[in-house]
Amino acid sequence: MLLSAGLRLLSSLGLALAPNEGAFIACVLVKGAGNLGAVPAEQILVRRLLTDEQIVSTVALTSVIDQCIKILAPLLGAGLSVLPHSHGGFVLTAMLAICSMVCAIGVGRVVGWGQSSPSTQRRFLDSSLVYEAVSRYPKFASSLGLVLVFSTILGLYDSIVALLLRNHGLPPSAFGTIVSCTAIGAVSCSLFLKRVPARSGEVRAMVISLAGFSGTVLAVGAYALIATKLYTEVLCLLWLLNGFCYGVGVTSYAVVLQREAPRDAIGIISTLA
């Protein structure tokens, strides 16, 4: 976590001072690596420190915070972009990275800085762990397959949403409004997360939410084909439901990953999967 925060700090400063496009792209790649590096460490800490009940609450709270940031960050970025020196936004992210480093040091002092066990070190970047987990834990295998379907659908339609809106004459602000509605739907999902899996089970909740997620995408496509004019209000309602269903699926997968994946391999499994 400390290394990841350090990479984000260096890349943010590099983005603010990049002399050309090539250096800017290189810094973006470093920033992406820093963002990814924190994920397995966080998964390991959650599994080591929390009980099953606390994991559900933590996943729900983390999802709420994450989606709220996704609502506020574009607005803040848009505000910074109109300033005479818009590169100052990268200085802000550098300051946030410093805060992350301070938090990581604090966590290290609490849980210790001990090295991982030799068996865990030998498993580093061992893709066979994913196959072993899928073979031995059918619930985890089912949830992994479902979340991959979620990601595939999201990757296929997400890139054409802006083009769809533009072709139907909607203003540029419509895309930001729809993204905010998606995040609001995910936040509302997190608030009800304890009830949904508790009543139907995580995997069943993922199946139901995948059906709802796919249905909203199909509804948007049918609406675009049938209607001569798209109304932002209708799209916002559909993407509100879309965000809710996606949030149920992703957060349920996070709970299954924490509960079902092998304790000593959860970091590498979350990274490779």
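Leaving aside neighbours within four places in sequence, S11 is in contact with C27, V30 and K31, where contact means heavy atoms within 4.5 Å. S11 sits in helix α1, which covers residues 2-17. S11 counts as buried because its relative accessibility is 2%; buried means under 20% relative accessible area, exposed over 50%, and partly exposed in between, with a 1.4 Å probe and protein chains only.

A word on the model itself. This is a predicted model, in which local features need pLDDT of at least 70, side-chain atom pairs count only at pLDDT 80 or more, and totals for chains, interfaces and linings use all residues. Residues are numbered from 1 along each chain as its sequence is written, and side-chain values use heavy atoms, with hydrogens and water left out.

Now for the whole chain. The protein chain has 13 helices and 0 strands; helices (H or I, at least four residues) and strands (E, at least two) are DSSP runs, numbered from the N terminus. Of its 273 residues, 35% are buried. Among contacts between residues at least 6 apart in sequence, 79% join residues at least 24 apart.

Two pairs illustrate such links across the sequence.

| Pair | Apart in sequence | C-alpha to C-alpha |
|---|---|---|
| L2 and I105 | 103 residues | 6.9 Å |
| Q258 and D52 | 206 residues | 8.2 Å |

L2 lies in helix α1 and is partly exposed, with a relative accessible area of 31%. Q258 belongs to helix α12 and counts as buried, at 2% relative accessibility. Not counting residues up to four places away in sequence, Q258 touches Q43, V46, R47, I55 and I266.

Next comes the interior. In soluble globular proteins, nonpolar side chains tend to be buried together. A nonpolar core is a set of buried Ala, Val, Leu, Ile, Met, Phe, Trp, Tyr and Cys residues joined through side-chain atoms within 4.5 Å. The largest one here has 31 residues, of which F140, L165, L235, W239, Y253 and L257 touch the most other members. The elements giving two or more residues to this core are α6 (128-136), α7 (138-158), α8 (161-167), α9 (173-191), α11 (202-226), α12 (232-260) and α13 (266-272). Apart from this core lies another, of 6 residues, including V46, V56, V59 and A254.

What does W239 touch, not counting residues up to four places away in sequence? Its partners are Y157, V161, I178, C181, T182 and V220.

C181 is itself buried, at 14% relative accessibility. The closest cysteine sulfur to that of C181 is in C236, 3.5 Å away, which is too far for a bond. The structure holds 0 disulfides, a disulfide being a pair of cysteine sulfur atoms within 2.5 Å.

Finally, look at how α7 and α12 meet. Their axes are 10 Å apart, and the helices pack at an angle of about 145 degrees; axes are lines fitted to C-alpha atoms, for helices over the stretch in contact, and angles run from 0 to 180 degrees between N-to-C directions. On the α7 side, residues including F140, L144, F150 and Y157 meet α12 residues, among them W239, C245, Y253 and L257. C245 is buried, with a relative accessible area of 13%.
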